[in-house]
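Please look over the sequence and the structure below before reading on.

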Amino acid sequence: MFTYRTLSLPQLVTALTLLAAVCFTPVAYADTENGKLLYQINIHDEIGSTTWRYLLTGIDEAHARKADAIILDLNTYGGTVLHADSMRTAILNADIPVYAFISNNAASAGALIALACDSIYMRPGARIGAATVVDETGVAMPDKYQSYMRATMRATAEAHGKKSIVTATGDTVTTWRRDPAIAEAMVDERVVIPHLSDSGQVLTFTAQEAMAHGYCEAIIPDADCLARERLHYDTYRIEQYTPSLYDKIAGFLTNPALQALMITFIIGGIFFELKAPGIGFPTAVALIAAVLYFLPLYLNGTAENWEILLFVAGVILLILELFVIPGFGIAGITGGVLMLAALILALVSNVAFDFTLVSEGSISRSILTVMAGFVIAVLLLLFLSRRIGRKGLLYNFALHAEQAGEQGYIGVDETPRSLVGQKGVTVTRMAPSGKIKVGGEIYDAISLYGSFIEAGNEITIEKYENSQLYVVITKPNTQDIES
């Protein structure tokens, strides 16, 4: 049997408050059950625009999911210094702890990225180092590039500060957590580390060597071991960042080589459109290239609205110069300068025309990218101007058809040719040109021998040449006067 009890007003309010607290706190309950959240971002490709975008988007998602830490799974042989430096900066400025787990390789640019992380963990057999700056062929770049990379590696090591250790004699010694000199030795073979690296050898660590010299916190088999044994998480879950199709496309389109190619298409399309009347295929190529150039930069937040408007203003000035204003003067030159400025500034990350935090290196790289596209366009145009129409791949890009007269292609009316041999009469005085009448039609004609023929004389059409009828007198009029 059930017994009903009447609640007082204070008791009823208390009961409802407890019920609301239970019903509206599912998030806290879920966190308690699932434990810590580790967000894993895999960097398994060449360091470039795509991996740079993966890292930035992954860090943003980790913030949105309120992750407790980020695991950066590294297996890369390196890539471009530009994107590695940007990734390094993003890691150093991240509000969430970032732990590097080197599953196999962290070479060259990968070593710089690993060095930026709060802690480095390595799988048995993994390696880190060999950060010399090289060109596309693998040849070491001049010393000014190595100097910049040495400073970058050294500054990244110094960013993690110092630690205090107690020696065997009981003394407390302060030392770098990650020795900056070792970081430099990974770049320049001339940097010698006693008992570690000799002159002429770029430093590369195995997992055991990295751990012995403070460049690895522990050697572990996987990320789960990192969570359990190193971070001491009792309950946790690891979620992996999965790049979207848009991230892949946007990363591909922000590659400096592709951006230079887009600039080539923009300049080439404009040039070829100017060589032909109307608006056609070259305009479409230039327009598509401009969209593919600016759109990813705008969505990434690099290109501002005013930079795109600057480019559009340059195009408008160029069109006005070509179709409205005769010649090529101030409007055309200004339009060209505005277009180049917009292409360069779109690659420089600034906020509302504030370039305070923009480095000189970033501006130099932007100028180099645009100038590379411009030079490629000029060289390509010179090549095509000589090759189009000749035998080979570019043969069909030129018009080769001949409009022969015997095939019916004519530029003037050929009807008077059929009048040769017919007779007519002069309508006006021919001195030596004038008008004649044949079959009821009036035609212009010339006296064959330059003689003057008075009106009213009968003539014979002797020939048709250069779109002109030539006649001779056949029955002179009694009043005809010839000269």
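## Confidence in the model

The structure is a predicted model, and its average pLDDT is 80, with 79% of the residues scoring at least 70. Over residues 1-33, however, pLDDT stays under 50, and for this stretch the model has four contacts beyond four places in sequence.

## The nonpolar cores

The largest nonpolar core holds 55 residues, and those that touch the most other members are I41, L72, M122, I128, M153 and Y215. Helix α5 (residues 109-116) supplies the largest share of this core, with seven residues. When neighbours within four places in sequence are left aside, the contacts of L72 include I41, I43, L55 and I91, and among them are also V98, Y99, A100, F101, I113 and C117.

## Aromatic rings and charges over rings

Five aromatic pairs are found in the structure. In one of them, the ring centres of Y99 and Y121 are 6.5 Å apart and the planes stand at 70 degrees, so the pair counts as edge-to-face. Because Y99 belongs to strand β3 (residues 98-107) and Y121 to strand β4 (residues 119-122), this pair ties together parts that are 22 residues apart in sequence. Both partners are shielded by the stated criterion: Y99 is buried, with a relative accessible area of 12%, and Y121 is buried as well, with a relative accessible area of 5%.

Elsewhere, Y293, F294 and F311 are linked by ring pairs into a cluster. Lysines also meet aromatic rings: K162 lies over the face of W176, 4.8 Å from the ring centre, while the charged end of K463 sits over the ring of Y470, at 5.0 Å from its centre.

## The hairpin of β6 and β7

Strand β6 (residues 162-166) pairs with strand β7 (residues 172-176) in the antiparallel sense, over five bridges. Within this pairing, I165 has V173 in β7 as its bridge partner. Five residues lie between the strands of the hairpin, where G170 takes a positive phi near 95 degrees.

## Residues with particular backbone angles

Most residues other than glycine have a negative phi, and most peptide bonds are trans. Against that background, K66 has a positive phi of about 55 degrees although it is not a glycine; K66 is found in the loop between α3 and β2 (69-76) and is exposed, with a relative accessible area of 68%. H195, likewise not a glycine, has a positive phi of about 65 degrees; H195 is found in the loop between α7 (180-185) and β8 (204-206), and its relative accessible area of 88% makes H195 exposed.

The peptide bond that joins A431 and P432 is cis, with omega about -10 degrees, and P432 has its place in the loop between β11 (423-426) and β12 (433-438).

## The surroundings of H63

H63 is found in helix α3 (residues 49-64) and, at 32% relative accessibility, counts as partly exposed. Not counting residues up to four places away in sequence, H63 touches D95 and I96. H63 and A94 are 31 residues apart in sequence, and their C-alpha atoms are 9.3 Å apart in space.

Definitions and conventions
Residues numbered from 1 in each chain as written. Predicted model: local features only at pLDDT ≥ 70, side-chain atom pairs only at ≥ 80, totals over all residues. Heavy atoms only, no water. Phe/Tyr/Trp six-rings, centres within 6.5 Å; stacked < 30°, edge-to-face > 60°. Helix = DSSP H or I, 4+ residues; strand = E, 2+ residues; numbered from the N terminus. Buried < 20%, exposed > 50% of the residue type's maximum accessible area, 1.4 Å probe, protein only. Lys NZ or Arg CZ within 6 Å of the ring centre and 35° of its normal. Pairing = 2+ DSSP bridges. pLDDT = per-residue confidence, 0-100. Contact = heavy atoms within 4.5 Å. Core = buried A, V, L, I, M, F, W, Y, C linked by side-chain atoms within 4.5 Å.
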